[in-house]
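This briefing covers one protein chain. The sequence and the model are shown below, followed by notes grouped by topic.

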Amino acid sequence: MNYTLTHTPGPWTAETTDRTGVAGYMVTARVACIASVSNLRGHARVNARLIAAAPDLLAALEGIMPVVEAYVPYRSDGWHFKLVEAARAALRKAQGLDNA
C-alpha cells in the first residue's frame, strides 16, 4: 500500500500571534500560513504544536508501516491488531479516505 502524501513541505512551526498568547498561534511553513489556532479555550499552544508536528508524524508513520506490515504477524486476535488498524485509519484520515 502506498502511503505517500503531497502537502506543504516542512518544517512547520508554531508561533504565538502576540506576546501574551491570548490571541492564539499561527502554524507556518517558511512564509506560508498553514493554520491559525484560536486560544478560545486555552489549548492553542498545544494544538498548534500538534499541527506543526503533523508532517513529521506523518513521515514517521509512512516510513514505519511497510516494516510493520511485513514483519508484524497480522491476526485479529493479536494485541497489535488494534494498533495496526489505528495506524491505517490515521493514514486514511490524512489521505482524506475516511469520508470525514
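In this predicted model, helix 1 and helix 2 meet through side-by-side lists of residues: Leu58, Leu61, Glu62, Met65, Val68 and Glu69 come from helix 1, and Val84, Ala87, Arg88, Ala90, Leu91 and Ala94 from helix 2. By class, this contact has 9 nonpolar and 3 charged residues, and no polar ones.

**Helix packing**

- Two packed helices are described by the angle between their axes and the distance between the axes.
- Helix 1 spans residues 44–71 and helix 2 spans residues 81–95; their axes come within 11 Å of each other.
- The crossing angle of the two axes is roughly 135 degrees.
- Angles over 145 degrees would count as roughly antiparallel and those from 65 to 115 as roughly perpendicular, so helix 1 and helix 2 are oblique to each other.
- The crossing of helix 1 and helix 2 is left-handed.

**Arg88**

- The relative accessible area of Arg88 is 19%; the cut-off for buried is under 20%, so Arg88 is buried.
- A polar contact of 3.1 Å joins the side chain of Arg88 to the side chain of Glu85.

**Thr17**

- Thr17 lies in a loop, with strand 1 (12–16) on one side and strand 2 (25–29) on the other.
- Leaving aside residues up to four places away in sequence, Thr17 touches Ala23, Gly24, Tyr25 and Met26.
- Thr17 and Val27 are 10 residues apart along the chain, and their C-alpha atoms are separated by 9.7 Å.

**The chain as a whole**

- The chain has 3 strands and 2 helices.
- Read from the N terminus, the order of elements is β-β-β-α-α.
- Of the 100 residues in the chain, 24% are buried.
- Among contacts in the chain with a separation of 6 or more, 31% are between residues 24 or more positions apart.

Terms used:
Residues numbered from 1 in each chain as written. Predicted model: local features only at pLDDT ≥ 70, side-chain atom pairs only at ≥ 80, totals over all residues. Heavy atoms only, no water. Axes fitted to C-alpha atoms, helices over the stretch in contact; angles between N-to-C directions. Helix = DSSP H or I, 4+ residues; strand = E, 2+ residues; numbered from the N terminus. Parallel < 35°, antiparallel > 145°, perpendicular 65-115°, else oblique. Left-handed = near helix turned anticlockwise from the far one by under 90°. Contact = heavy atoms within 4.5 Å. Nonpolar A, V, L, I, M, F, W, Y, C, P; charged D, E, K, R; others polar. Buried < 20%, exposed > 50% of the residue type's maximum accessible area, 1.4 Å probe, protein only. Polar contact = N/O pair within 3.5 Å; in protein donor to acceptor, adjacent residues only side chain to side chain.
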